[in-house]
Amino acid sequence: MSVAIEVQHLTKRYRQTVAVDDVSFSIEKDTIYGLLGRNGAGKTTVMSMLTAQNFATSGQIRVFGEHPYENARVLQRMCFVRESQKYPDDALPRHAFGTARLFFPNWDQALADRLVDEFQLPMKKTIKKLSRGQLSAVGVIIGLASRAEITFFDEPYLGLDAVARQIFYDRLIEDYSEHPRTIILSSHLIDEVANLLERVLVIDGGRIVLDERTDDIRDRAANIVGESRAVDAFVAGREVIHRESLGRVSSVTVLGTLSAEDHRQLSAAGLDVTPVSLQQLIVRTTQHAAESAPATTGEPADIDEGALR
Amino acid sequence: MSRTLNVVRMQLINRNTYIWIPLLVLAGAFVLSLALYAIIPSEGIKVGGGAQAPLWYFLVVGVQALTLTFPFSQAMGVTRREFFVGTYLTAAVTAGILAAVFVVGGLIENATDGWGLNGWIFYLDWIWQAGPLGAFVFYFLLAMLFFSAGFWSATIYKRFGALWLTAILLAIAVAFVGVLWIIGRANAWGPVFDWLGSQGSLGLALWSLVIIAVLAATSFVPLRRAVP
Amino acid sequence: MIEEGRALFLQIAESIEDQIVDGSLAEESQAPSTNELAAFYRINPATAAKGVSMLVEKGVLYKRRGIGMFVAPGSRDRVLETRRGVFSDRYLEPLLAEARRLGLGPDDLVALIRERADRTESAPAERSAP
C-alpha cells in the first residue's frame with residue numbers, strides 16, 4: 001500500500017518545552033487513522049505541521065512525496081479544519097462552504113447541503129454567533145464535503161450532542177466507503193471512535209507511544225478479576241499495567257493475549273476475565289509508561305498548540 | 001492565478017470591512033462636511049479635511065485583511081504567497097473604487113462650484129494639479145499606503161508579538177525624529193520644503209510607492225513564517 | 001453486539017456465521033456487502049472486508065464476479081462442525097469449573113442438564129424477553 005504522509009524525527013520546541021519529540025511515522029493511503037492522546041499531548045501541533053500551518057524545529061515531512069510548505073499542489077489535496085478554527089468576522093456558514101468549494105477540487109455541494117440539513121445548521125447566523133456544537137458541525141461539513149485525499153478531523157465532535165455525533169460517524173463511514181481516502185481523526189475520546197479506526201497512533205508527552213493496527217491490539221490486554229492471591233499467582237511473570245483492589249478482590253490488567261491454556265487455568269482458579277476496551281488499554285499503557293519513565297521535560301499541557309496570537 | 005482570485009473572493013466575504021464601513025465613513029464625512037459648510041455663514045472658500053476619513057480607515061482594512069482572514073485561508077490550504085498577492089489585489093481593487101468615487105465627487109464638486117456652498121471636500125487644487133488622472137493616482141496610492149501600513153503592523157504583530165511591534169514602531173518614530181533633527185541642524189528646512197513643493201501631489205504620491213513597496217516586502221517576509 | 005477485547009473482524013465473521021447457522025442467511029443467498037456491514041455495525045469498512053475475506057478463505061462465502069459475496073453450499077454444516085469442536089472449550093470448560101466450585105460432580109451436572117432440558121421442552125415455547 002502506498003504512503004500518503006511520511007514523517008521522520010519530527011521535533012517542535014517552544015523555548016522551554018518540547019511539544020513534539022522526535023516523532024516518526026507513516027500514514028498509508030485510504031486508511032482511517034486515530035491520532036489519540038490527552039489534551040496537550042501534541043496532536044494539533046503535529047497536524048499543523050503536516051499542513052504547513054506550523055513549522056518544525058527539526059525533522060522531515062513528506063506529503064505525497066513532497067514538502068507541504070507553500071506547496072499549493074499538495075495543500076489542495078489536504079483538508080485540516082482545526083478545533084479552534086477562526087472564520088472571517090462576517091462570515092455565514094454558506095460563505096465558509098462557498099470558499100471551501102473554491103479551494104477544494106473534490107468539493108461535493110450536494111453532500112454539504114445534505115449535512116447542513118442533518119445537523120440542522122442555522123444558515124442565517126454568522127459563524128461567530130453559532131453555538132459550540134454548530135461550530136463543530138461547520139468544521140465537520142467542510143471536512144467531509146471537501147473529499148480531500150487527506151482529511152484531518154481535529155476533535156470534531158466537541159459540543160456535538162450524541163445524535164449529531166452519530167450522524168457524523170455514520171456519514172463518515174458511508175462517505176469513506178464510497179470515496180476511500182486517508183482520514184486522520186484526532187480524539188481524546190477513544191471508545192466512541194474505536195470501531196472506526198483501522199490504525200491508531202497514540203501520542204503522549206509529544207512522543208509516539210503506540211503505532212498499530214486496531215485489530216492487533218484489541219485483545220492485547222485483559223482484566224483478571226478475582227480473589228487477590230489467586231490473581232497475583234496468575235499474573236506473576238506477566239506485564240501488569242494496572243492494578244485495583246477492593247478488600248480481598250483485585251482487578252489487574254495484564255498485557256499479552258491469553259491463550260486457550262491460560263483460559264483453562266483461569267477457569268480452574270475461579271478467576272474472571274473481563275475485556276479491556278481500546279480506551280482502557282491506551283489510557284493504562286500510557287499511564288504505565290509515564291509511571292515507569294523518569295519525569296522528563298515539563299508537561300506542555302498548557303501550550304496553546306493552535307492559535308498563538 | 002485562479003487560486004489568487006479566489007483569495008480575493010474570500011476576502012470580500014468581509015462585507016463590512018471592505019464595503020459597508022468605507023461607504024459609511026465616506027458618506028458620514030461627506031454629510032458632516034456639507035452640514036458644517038452650510039452652517040458657516042461665509043461666502044468664502046471653505047475647505048475641510050473630511051475626505052481623509054475613509055483613507056485613514058484603510059489602515060483598519062489593512063489590519064483586518066490579515067487578522068480576520070489569514071487563519072481561515074490556512075484552513076483552505078491557501079499558501080502564504082497566494083494570500084499575500086490576493087489580499088493586496090483586493091486592497092488595490094477597493095482602493096481603486098474609493099479613488100474613483102473621490103474623482104467623480106471632485107468632478108461634480110467642481111461643476112457645482114463647491115456644492116453650491118463654495119465648500120470643497122474632494123477637489124483640492126494641489127491634489128488636482130495633474131488633472132483627474134493625477135488625483136486618482138494620488139488617492140489610490142494614499143489608500144494603498146494606509147492599507148500597507150495596517151497590513152504590515154498586523155503581520156509583525158502576528159509573527160513577532162506586541163512587544164516587538166511596539167519596539168519597531170518606536171524605533172521608526174525615533175529614526176523619523178532623528179531625520180527631522182538632522183534637517184534642523186543643517187538648517188535645511190528651506191531646501192526640503194522647496195523640494196517637497198516641487199514634487200507636487202502626484203510626485204509625492206509616486207514617492208509613497210517606494211514606501212508601499214518597502215512595507216509590502218517587509219510584511220511578506222514575516223508572513224512566510226506566521227502561524228495562523 | 002460488538003464486544004470489547006476481541007478483534008472486530010472476527011466478530012463480524014462470527015455474526016455472519018451465526019446467521020448461516022440459524023438459517024436467516026440461506027446457502028447460495030447473497031451475503032451483506034462490506035459497506036452494508038460497515039454501516040450497520042458502525043465500523044470501518046476495511047474491518048468488515050477483513051471479516052468477509054476470512055470467511056472466503058474458510059470457504060464459507062464465495063465471490064460472484066461483479067455481483068458480490070454469496071453463501072457457499074455446505075457452509076452451514078461446516079460451520080456447525082467447527083462450532084461443535086469449539087463448544088467444549090468455550091462452554092463446557094467454564095461450566096465444569098464452576099460446577100466443581102459448587103461441589104457438583106459430572107453426574108450431578110448430567111442430572112441437572114436433563115432436568116432443565118425436560119422443563120424447557122415441556123413448557124410451551126415462550127418468547128424470551130430481551
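User: Which elements of chain A have the lowest and the highest mean pLDDT?

Analyst: Happy to start there. pLDDT is the predictor's confidence in each residue, on a scale from 0 to 100. Among the elements of chain A, helix α11 (residues 278-292) has the lowest mean, 82, and helix α4 (residues 109-119) has the highest, 97. Helices here are DSSP runs of H or I with at least four residues, strands are runs of E with at least two, and both are numbered from the N terminus. This is a predicted model, in which local features need pLDDT of at least 70, side-chain atom pairs count only at pLDDT 80 or more, and totals for chains, interfaces and linings use all residues. Residues are numbered from 1 along each chain as its sequence is written, while chains are lettered from A and ligands numbered from 1 in the order in which they are written.

User: What are the averages for chains A and C, and where does pLDDT stay under 50 in chain A?

Analyst: Chain A averages 89, with 94% of the residues at 70 or above. Chain C averages 88, and 94% of its residues score at least 70. The model as a whole has ipTM 0.86 and pTM 0.86. In chain A, pLDDT stays under 50 over residues 296-309. Where pLDDT is low, the predicted coordinates should not be read in detail. For residues 296-309 of chain A, the model has 31 contacts beyond four places in sequence; a contact means that two C-beta atoms, placed from the backbone, lie within 7 Å.

User: How many residues does each chain bring to the contact of chain A with chain B?

Analyst: Chain A brings 26 residues and chain B brings 27. On the side of chain A, α2 (72-75), β5 (78-81) and α3 (93-103) each supply at least two residues, and α3(A) gives the most, with five. By class, this side of chain A holds 14 nonpolar, six polar and six charged residues. Ala, Val, Leu, Ile, Met, Phe, Trp, Tyr, Cys and Pro count as nonpolar, Asp, Glu, Lys and Arg as charged, and the others, Gly among them, as polar.

User: What is the domain assignment of chain C?

Analyst: Domain bounds come from an automatic or database assignment. For chain C this gives domain 1 (8-73) and domain 2 (76-121). Their centres, taken over C-alpha atoms, are 29 Å apart. Six residues of domain 1 of chain C touch four residues of domain 2 of chain C, and the domain 1 side has three nonpolar, one polar and two charged residues.

User: In what order do the strands of the open sheet in chain A run?

Analyst: Strands pair if DSSP finds at least two bridges between them. In chain A, three strands form an open sheet in the order β2-β1-β4, with antiparallel pairing. The edge strands are β2 (17-28) and β4 (58-63), each pairing on one side only. Five bridges join β1 (residues 3-14) of chain A to β4(A), and Glu6(A) stands opposite Arg62(A) in β4(A).

User: Which residues other than glycine have a positive phi?

Analyst: Most residues other than glycine have a negative phi. Two residues with positive values here are Arg15(A), near 40 degrees, and Glu70(A), about 50 degrees. Arg15(A) lies in the loop between β1 and β2 of chain A, and Glu70(A) in the loop between β4 and α2 of chain A.

User: Why does Arg15(A) count as exposed?

Analyst: Count the other C-beta atoms, placed from the backbone, within 10 Å of a residue's own: 20 or more is buried, 12 or fewer exposed, and in between partly exposed. Arg15(A) counts as exposed because it has 4 C-beta neighbours inside 10 Å. Glu70(A), with 13 other C-beta atoms within 10 Å, is partly exposed.
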